[in-house]
Amino acid sequence: MQNEVVSRELWLEARRALLLKEKEATKLRDSINAERLALPWVKVDKDYVFDTPEGKKSLAELFDGRSQLLIYHFMLGPDWDAGCSGCSFLSDHIDGALPHLNHHDVTWVAVSRAPLDKIAAYKSRMGWKFPWVSSFGSDFNFDYHVSFSPEDLAKDKVFYNFTPMQPADANDELPGLSAFYRNDKGEVFHTYSSYARGPEELIGTLMILDRAPKGRNEDSTMNFVRRHDEYEEAPKAPSCCH
């Protein structure tokens with residue numbers, strides 16, 4: 001289906017009207033970012049231990065000498081054969097950002113409950129470089145409401161995205177992003193978490209598609225997404241030269 005075709009003058013009129021809304025959205029995003037930075041913090045007193053390629057590490061050690069830590073809760077359960085396609089889609093955008101994040105005193109780490117060997121195999125398959133550790137045997141994923149036991153899923157409600165939800169709408173693993181700060185004393189504070197579509201702005205491909213003529217062209221949220229090694233070759237558009 002093709003949109004209405006109009007004169008350049010009418011297009012400019014419609015585009016300028018949309019530009020006003022885009023500027024409003026930019027100002028709103030700036031305001032939300034300021035409120036996010038002003039959120040109160042919670043001190044992390046619980047000892048969490050993670051399996052890493054360099055051995056076991058505490059949450060404080062995951063900072064890798066920096067003061068800020070972003071943890072992506074990657075959906076890869078202990079008995080899963082492959083990582084979540086949506087989490088993989090987001091993670092495809094991370095490696096190029098790592099030098100910029102690290103230079104700006106931010107460490108990025110993905111965390112999953114799958115054992116380290118399973119993480120390493122999938123990471124190798126995808127060709128990623130970012131740090132990725134295992135929380136297997138730890139309460140970390142459960143405390144941050146991204147993993148749910150069979151007992152959790154048998155209850156009337158589970159807690160996800162700061163809201164009780166029906167277990168039928170949940171899963172044993174769900175995605176999220178959590179932020180932490182480490183001060184000079186070595187104390188760690190939980191500063192922010194975001195779930196469901198919250199981290200969507202990290203997915204640059206979606207932001208690009210939003211500006212393409214057909215947009216995301218999806219039937220449901222990200223239903224077009226595949227792991228990057230699973231796409232079939234797309235048919236080429238007709239060419240007047242052939």
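Start by selecting cysteine 87: its sulfur sits 3.8 Å from the closest cysteine sulfur, the one in cysteine 84, which is too far for a bond, given that a disulfide is a pair of cysteine sulfur atoms within 2.5 Å. The structure holds 0 disulfides. Cysteine 84 is accordingly in no disulfide either. Colour this pair by accessibility and you'll get 1% relative accessibility for cysteine 87, so it counts as buried. Cysteine 84 has 16% and counts as buried too (buried means under 20% relative accessible area, exposed over 50%, partly exposed in between, with a 1.4 Å probe and protein chains only).

A word on what you're looking at: this is a predicted model, where local features need pLDDT of at least 70, side-chain atom pairs count only at pLDDT 80 or more, and totals for chains, interfaces and linings use all residues. Residues are numbered from 1 along each chain as its sequence is written, and side-chain values use heavy atoms, with hydrogens and water left out.

Next stop, the charges. Select Lys and Arg as positive, Asp and Glu as negative, leaving out His and the chain ends. That gives 29 positive and 38 negative side chains. How many salt bridges does the structure hold? There are 15, counting a side-chain nitrogen of Lys or Arg within 4 Å of a carboxyl oxygen of Asp or Glu.

Now pick lysine 46 and aspartate 139, which meet in a salt bridge at 3.0 Å, N to O. The two are 93 residues apart: lysine 46 lies in the loop between strand E1 (42-43) and strand E2 (49-52), aspartate 139 in the loop between strand E6 (132-134) and helix H5 (140-143). (Helices, H or I with at least four residues, and strands, E with at least two, are DSSP runs numbered from the N terminus.) Lysine 46 is partly exposed at 39%, and aspartate 139 is partly exposed at 40%.

Hop to glutamate 200 and arginine 216, another salt bridge, 3.2 Å from N to O. Glutamate 200 is in the loop between strand E10 (188-195) and helix H7 (204-209), while arginine 216 is in the segment after H7, 16 residues apart. Buried or exposed? Both are buried.

Then select Arg125, Arg227, Asp229 and Glu230 together: salt bridges with shared partners join them into one network.

Finally, zoom out to cartoon view. The chain has 7 helices and 10 strands, and buried residues make up 35% of its 242 residues.

Conventions: Charge placed at Lys NZ, Arg CZ, Asp CG, Glu CD.
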